[in-house]
Amino acid sequence: MKARYPTDITNQARAAFIDMLSAEFMAQTGVGVYVYLTPIAVNQLFKEYLQRRESIRLFTKNYVRNVSAA
């Protein structure tokens with residue numbers, strides 16, 4: 001059975017996602033992503049991002065805005 005995404009591409013995409021998410025948390029809240037989320041939650045959020053078909057920037061910006069407002 002073939003994987004849906006090749007491992008190396010998935011790892012690169014995950015790293016880019018985490019970098020963008022971290023930068024967005026720093027910009028909007030002044031603290032890093034791991035103040036709000038566990039590593040497991042970040043991985044689950046990455047999986048959600050893959051299903052949505054949005055740009056990383058739009059997805060992370062909206063997510064951080066919603067989390068920090070709560």
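The legends below describe close-up views of a predicted model of one protein chain. Residues are numbered from 1 along the chain as its sequence is written, and side-chain values use heavy atoms, with hydrogens and water left out. Because the model is predicted, local features need pLDDT of at least 70 and side-chain atom pairs count only at pLDDT 80 or more, whereas totals for chains, interfaces and linings use all residues.

View 1. The secondary structure comes to three helices and zero strands, where helices (H or I, at least four residues) and strands (E, at least two) are DSSP runs numbered from the N terminus. Along its principal axes the C-alpha trace spans about 40 × 20 × 15 Å. Of the 70 residues in the chain, 21% are buried, a word that stands for under 20% relative accessible area, while exposed stands for over 50% and partly exposed for values in between (1.4 Å probe, protein chains only).

**View 2. The rings of F17 and F59 form a tilted pair.** Six aromatic pairs are present in the structure; rings of Phe, Tyr and Trp (its six-membered ring) pair if their centres lie within 6.5 Å, and planes under 30 degrees apart count as stacked, over 60 as edge-to-face and the rest as tilted. The ring centres of F17 and F59 are 5.9 Å apart and their planes stand at 50°, so this pair is tilted. Because F17 lies in helix 1 (residues 7-29) and F59 in helix 3 (residues 56-69), the pair ties together parts that are 42 residues apart in sequence. F17 is buried at 0% relative accessibility, and F59 is also buried, at 3%. Ring pairs link F17, F46, Y49 and F59 into a cluster.

**View 3. E24 and K61 are joined by a salt bridge.** The structure holds four salt bridges, each being a side-chain nitrogen of Lys or Arg within 4 Å of a carboxyl oxygen of Asp or Glu. In this one the closest N and O atoms are 3.3 Å apart, and since E24 lies in helix 1 and K61 in helix 3, the pair ties together parts that are 37 residues apart in sequence. E24 is buried at 5% relative accessibility, whereas K61 is partly exposed at 28%.

**View 4. R52 forms salt bridges with E48 and with E54.** The N to O distance is 2.7 Å for E48 and R52, which are four residues apart in helix 2 (residues 39-52) and therefore separated by about one helical turn. For R52 and E54, the closest N and O atoms are 3.7 Å apart. R52 is partly exposed at 46% relative accessibility, as are E48 at 31% and E54 at 24%.
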